Structures are given as structure tokens and as C-alpha cells.
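Dear colleague,

Here is the structure I said I would hand over. My notes on it follow below.

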Amino acid sequence: MNLTEEILRVLSVEDGAKPTARYFFDEHFNRITAFFDRRIVPPRSVEIQTSSLCNANCFFCWGQERRLPNLLGEMGNMEIVVQKIIDAEVDGVKVESVKFVGSTGDPLANSKASCATLYAINALAKHNIWTRMFTNGIGLKRIMLDDINALDKLNYIRISLDADCEDTWGEVKKVKGEFDNIIKSITKLRDVSKDGGTYIDVGYVICSKNSQGIEDAARIVKDAGAHGIQYRMDLLDPSFSSGIPRAIEEQLASAQSISDDNFDVIWEYDPKP
């Protein structure tokens, strides 16, 4: 009996594996067997950083001094990358998901980055490749004015809001005058996604500058039409070195109380880091 057959034997036994393990092997069986057979197959998911530049200067950003080469904002380069992703298929195994991220920049940082990102989303959608985008939301205003339907093929968007009002947003992002525009963009995007299109998620990194607005932010983005909000602590903020203040825990509990079937409130925290 080879290793693959042994795994199948174990998983076929009732309660022989945890549900997550069972799901993992059911969902990714072809990749698992390829690994055991020492075959090289494409990854399930690929991350693309369209721009290493950013249009904000976040208080808690770790990437400001670690900029990567800014190459994929050029349309020709993006076309090459996207085509390679589409063509990458071995023994029926192919890339299923692409995430547009902003580790040191933002995929909508400027018009060139936005055009390259939207081109990639549309091209990948034609091949049934699931797409996600993580952005601070500043660039959404420009897209909404030009072509709001350009985001129609996007499956998921995470908007890093990190504030509950304009003043706090300016303190955290070190850019002024965009908070209300982002809230309006969320509403417009939800309006064009009523048929189950883009899932709109909001990110909120809790730091010393925004810890008073946790509950209000949840209510604001829910009213705007977001599908959910996710909170996490800024673990590099020395203000929280001794633990999470009770006032923050109470606000998080209040925020979670407004969750329902149409709005998710998620609290991501692991004290070990």
C-alpha cells in the first residue's frame, strides 16, 4: 500500500480525521497525490502586488521602508503574468484563485495600477479564476466615476478602513479627505452587487489612534452596505504590550452584537504573537 492509499484508508474510517482534514483532502486531492508522486503542479492560489507604491501612509504600516520593485503597474508586464497564470495547468490541476494585495503598496494606488488590476480581474474571470482584492479604498472613487461596473467580476474585496470618522482616518492613514468617499464607494459597490456579486469586507486594525471608534465603525459600514467587518490588533503597538484593555473588549462585544445573517463581525486575535 502506497502513502496515498494509506491516507485514503485513514480518511475512510468514521471519525478517522477531523472535518478540516477531511475537507482538505477532498478539496485538494489532486494536488496531494501530485505531491506524493513528486510531480510539480501549479499552486492553488497566487498573490499579485500590482503596485509597490501606496497612496496612504498608515500609522502601523510595516512596509514603508521595504518597497518591492514597482513593475506590474505596466500593462505589458501584467498581461504576461496573467497569461502565465491562465496557462499554468498540469494534469488538470490549475490556479483557482488570485489575490491582489498591497503588502507595501495598493493595487489601486494610481491610474496605472488600477488599469492593470482591473484588466487582470476581467481576464482571469473569463477563465473562472476566483479573484480577491485588498485595498485601502482611496482608489475606488476614481473607478466609481469612470466605470463602476469594472469591479463587477471581482469576487471579494477587503477595504482597510481602520477608522470611524474623517478625523481618525486622517490620523491613522496620514491622508485627509477620503473617509466619506470610501463609505460612499462601499454603498455604490453594494448597489451594483445586489445579485450576489462582490463580497465587501472591511478591515479594522486596532491601534492607539482608533481604539475609541470600534463599535461606531461597525455600524457605519453596515449601514453603508458592507457584508462584514474584521478586527485585529496592531501587535507592534507598544500601547497594547500588556494585553487588550477592557474598554476595547467591551467595544468589540458591542460591535459583535450587531452582526446578523447579512453582516459578519469577526475578531481575529491570538495572544501568542
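A disulfide is counted here as a pair of cysteine sulfur atoms within 2.5 Å. By that cut-off the structure holds zero disulfides. On the cysteines themselves: Cys54 counts as partly exposed because its relative accessibility is 32%, and Cys115 falls in the partly exposed class because its value is 46%.

Please keep in mind that this is a predicted model. The protein chain has an average pLDDT of 85, and 86% of the residues score at least 70. Confidence is lowest in helix α1 (residues 3–12), where the mean is 63. Where pLDDT is low, the predicted coordinates should not be read in detail. At the other end of the scale is helix α9 (residues 214–224), with the highest confidence, at 97.

As for the overall make-up, the secondary structure of the protein chain comes to 10 helices and nine strands. The chain has 273 residues, of which 44% count as buried. Taking contacts between residues at least 6 apart in sequence, 74% join residues at least 24 apart.

Which side chain of opposite charge is nearest to Asp106? That is Arg142, 7.3 Å away. A salt bridge needs a side-chain nitrogen of Lys or Arg within 4 Å of a carboxyl oxygen of Asp or Glu, and Asp106 has none, although Asp106 is buried. What the side chain of Asp106 does make is a polar contact with the side chain of Thr135, at 2.9 Å. Setting aside residues up to four places away in sequence, Asp106 touches Ser51, Leu53, Cys54, Asn55, Ala113, Thr135 and Asn136. Cys54, one of the residues touched by Asp106, is the partly exposed cysteine at 32% mentioned above.

The other topic is Lys222, located in helix α9, the helix where confidence is highest. Is Lys222 buried or partly exposed? Lys222 is partly exposed, because its relative accessible area is 28%. Beyond its neighbours within four places in sequence, Lys222 is in contact with Ile258, Asp260 and Phe263. With Asp260 there is a polar contact between the two side chains, at 2.8 Å. Val202 lies 20 residues from Lys222 in sequence, and their C-alpha atoms are 9.6 Å apart in space.

Regards

Note on methods
Residues are numbered from 1 along each chain as its sequence is written. This is a predicted model: local features need pLDDT of at least 70, side-chain atom pairs count only at pLDDT 80 or more; totals for chains, interfaces and linings use all residues. Side-chain values use heavy atoms; hydrogens and water are left out. Buried means under 20% relative accessible area, exposed over 50%, partly exposed in between (1.4 Å probe, protein chains only). Lys and Arg count as positive and Asp and Glu as negative; His and the chain ends are not counted. A polar contact is a pair of N or O atoms within 3.5 Å; within protein, one must be able to donate a hydrogen and the other to accept it, and residues adjacent in sequence count only if both atoms are side-chain atoms. Contact means heavy atoms within 4.5 Å. pLDDT is the predictor's confidence in each residue, from 0 to 100. Helices (H or I, at least four residues) and strands (E, at least two) are DSSP runs, numbered from the N terminus.
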